[in-house]
Amino acid sequence: MEQRQFLLSQKDIPTEWYNICADLGEPPPPPLHPATMQPCGPEDLAPIFPMAILEQEMSAQRWIKIPEEVMNILALWRPTPLYRAIRLEAALGTPAKIYYKYEGTSPAGSHKLNTAAAQAYYNKIEGTKRIATETGAGQWGSALSIACKFFGLGCTVYMVKCSFYQKPYRKSLMNVFGAEVYPSPSEKTDFGKSIIAKDPDCPGSLGIAISEALEDTLKHDDVKYSLGSVLNHVILHQTVIGLESKKQMEMAGDYPDVVVGCVGGGSNFGGIVMPFMADKYAGKNVRGVAVEPTACPTLTKGDYKYDAGDTARMTPLLKMYTLGTDFIPPAIHAGGLRYHGMAPLISLLVEKKMIEAVAVDQIDVFQAAVLFAHTEGILPAPESAHAICHVVTEAKRAKEEGRERVILFNLSGHGLLDLGAYDAYLEDRLESATECDDRRVNPNGKCQAF
Ligand SMILES: Cc1ncc(COP(=O)(O)O)c(C=O)c1O
């Protein structure tokens, strides 16, 4: 029998996070203050984030120690397993070896708890009483509500309205952990009310939900805001995924030719790929492929420029690939991938051609997800299935070329609370969601807000 599982022991949990900023060769473009257009300092963001988080956001230090209290939470489910997908390889008849890192074993069901634990901890020690946040599909909100419960903090979640109704059990899960959950746009904030007044049927977007969580934060002294993706500190916290994967690939006696991950804001992919990018900067030949939905093609059809992170334009301007803050993607079932922007660090590496980007349609995604479930037995989150979809393409290409190729991907979460989406797929109710209808393509072939 060939080995399928590559398991680390608890003493192998990384004790430091890896910061790619140390290896970029130049500082990444800084966030800009929207009023002055000057680089933001920590003091500009202090009303929103704890100082320790802001220091990490702006740090160029290569390794940052993980606090003991955070290690004790991570140890509840880490290290996560790395598997070789031998049955999927066989079904595809490919000479490629396919490995996947499985983050769905966390209590929240995805990678999101890796950063939620750290963010809740830093908030706790700096005196925050409640955290406000947004969530797309509900994975981030679930993770943060668990982390807030662990550290005795209140938690308010603005959940994108279409996902709120598509995934009702995510709300239940958050409620079990004591979080308050509102469909966004909501009547709880002035910004939410203004959106509803203009468009009562607005399905919501991550940009709108972020604006609502920020408004809630800024109106209360003891409340801070927390973001589940996009920012440098979130990618930093997620590097435990890639650091463990490197050790596990060594156990397997292989090194990946290509590392694949789905991208919403870029955190799970950043988490797995950045430690491999360190090798690439050191001269190693490894590809990184970011996979996004055609319904929200930020990297493949967006512009690389300074833009706000939220619809009300309250955040600092970030240099990133963006479809524009007003872009409201169709209500596809991978709610966690419906973000108009992309992590500045991922955007920079795409711009520098260190990382490739591809877009896939949700029908192909669900087809790949079901093939994966039938062969490997795990039902993937619709977001993670975007990575699988591209892995299938890479594996088929290896077959056509008759070349062995080592593929590693991040299975960022399970889909056991996404069954409505699978029902829709099986009952033929899913639509092919290609975003760029005539309304939204500008003359350069790029998507634009409508
Ligand atoms: C399971 C899963 N994977 C991926 C994502 C996308 O986010 P990110 O790009 O930050 O990893 C989400 C977002 O909600 C998610 O729930």
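Analyst: A residue is buried if 20 or more other C-beta atoms lie within 10 Å of its own, exposed if 12 or fewer, and partly exposed in between, with C-beta atoms placed from the backbone. This is a predicted model: local features need pLDDT of at least 70, side-chain atom pairs count only at pLDDT 80 or more, and totals for chains, interfaces and linings use all residues. Residues are numbered from 1 along each chain as its sequence is written.

User: Is Phe164 buried or exposed?

Analyst: Phe164 is buried, since 26 other C-beta atoms lie within 10 Å. Phe164 belongs to helix 7 (residues 161-166); helices (H or I, at least four residues) and strands (E, at least two) are DSSP runs, numbered from the N terminus.

User: What is Phe164 in contact with?

Analyst: Leaving aside neighbours within four places in sequence, Phe164 is in contact with Met159, Lys171 and Pro183. Two residues are in contact if their C-beta atoms, placed from the backbone, lie within 7 Å. Pro183 is 19 residues from Phe164 along the chain, yet their C-alpha atoms are separated by 5.9 Å.

User: How is the chain divided?

Analyst: There are domain 1 (17-41 + 51-64 + 112-225) and domain 2 (74-109 + 241-438), with bounds from an automatic or database domain assignment. Their centres, taken over C-alpha atoms, are separated by 21 Å. The contact takes 37 residues from domain 1 and 45 residues from domain 2. On the side of domain 1 that touches domain 2, helix 10 gives the most, with 6 residues.

User: Now helix 12. Where is the kink?

Analyst: The kink, of about 40°, lies at Val273, shortly before the proline Pro275. The bend at a residue is the angle between axes fitted to the seven residues ending there and the seven starting there.

User: How many residues of helix 12 are buried?

Analyst: Of its 15 residues, 12 are buried, so helix 12 is largely enclosed by the rest of the structure. Val273 and Pro275 are among these buried residues. Just after helix 12, Gly283 takes a positive phi of about 110°.

User: What is the mean pLDDT of the chain?

Analyst: The mean pLDDT is 94, and 96% of the residues reach 70 or more; pLDDT is the predictor's confidence in each residue, from 0 to 100. Over residues 435-450, however, pLDDT stays under 50. Where pLDDT is low, the predicted coordinates should not be read in detail.
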